[in-house]
Amino acid sequence: MPGAVHHTSGGSGWVWRLRDPSGGALAVSARAYERHSTCQAAYDRFRALLAGHGSGGPIVWGESE
């Protein structure tokens, strides 16, 4: 899944987004970050979480497997 760190719509912070092949947002950061480096680190951690999940299917938060 492609994704990246971007300025917020107001330009006063940073958010990350994962996109589907058509460009639609699949996941977005829950909040804006003041620093690009902090946002990038959060994005990298989220990507690692997805890779660790490994199924490629939807993740239903709050339910045990």
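Not counting residues up to four places away in sequence, Arg 31 touches Trp 14 and Val 15, where contact means heavy atoms within 4.5 Å. This is a predicted model, in which local features need pLDDT of at least 70 and side-chain atom pairs count only at pLDDT 80 or more, whereas totals for chains, interfaces and linings use all residues. Residues are numbered from 1 along each chain as its sequence is written, and side-chain values use heavy atoms, with hydrogens and water left out.

Arg 31 is found in the loop between β3 and α1, and at 48% relative accessibility Arg 31 counts as partly exposed, a class that lies between buried (under 20% relative accessible area) and exposed (over 50%), with a 1.4 Å probe and protein chains only. Its C-alpha lies 9.7 Å from that of Thr 8, although Arg 31 and Thr 8 are 23 residues apart in sequence. Ser 29 also has its place in this loop, which runs between β3 (25-28) and α1 (36-53), but Ser 29 is buried, with a relative accessible area of 10%. A polar atom of the Ser 29 side chain lies 3.0 Å from the backbone oxygen of Arg 31. When neighbours within four places in sequence are left aside, Ser 29 is in contact with Val 15 and Trp 16.

## Chain layout and strand pairing

Strands β2 and β3 run antiparallel and are joined by three bridges; two strands pair if DSSP finds at least two bridges between them. Arg 19 has Ala 25 in β3 as its bridge partner. The hairpin of β2 and β3 has five residues between the strands, and in this hairpin Gly 23 takes a positive phi near 100°.

## Nonpolar core and aromatic pairs

The largest nonpolar core has 10 residues, among them Val 5, Trp 14, Trp 16, Leu 18, Tyr 43 and Phe 46; such a core is a set of buried Ala, Val, Leu, Ile, Met, Phe, Trp, Tyr and Cys residues joined through side-chain atoms within 4.5 Å. The elements that give two or more residues to this core are β2 (14-19) and α1, and the largest share, four residues, comes from α1.

A search of the whole structure finds two aromatic pairs, with rings of Phe, Tyr and Trp (its six-membered ring) counted as paired if their centres lie within 6.5 Å, and with planes under 30 degrees apart called stacked, over 60 edge-to-face and the rest tilted. The rings of Trp 16 and Tyr 43 have centres 5.9 Å apart and planes at 50°, so this pair is tilted. Because Trp 16 lies in strand β2 and Tyr 43 in helix α1, the pair ties together parts that are 27 residues apart in sequence. Trp 16 is buried at 6% relative accessibility, and Tyr 43 is buried with a relative accessible area of 7%. Together with Phe 46, Trp 16 and Tyr 43 form one aromatic cluster. Not counting residues up to four places away in sequence, Tyr 43 touches several residues, including Pro 2, Val 5, Trp 16 and Leu 18.

## Whole-chain totals

Of the 65 residues of the protein chain, 22% count as buried. Among contacts in the protein chain with a separation of 6 or more, 29% are accounted for by residues 24 or more positions apart.

Definitions and conventions:
Polar contact = N/O pair within 3.5 Å; in protein donor to acceptor, adjacent residues only side chain to side chain.
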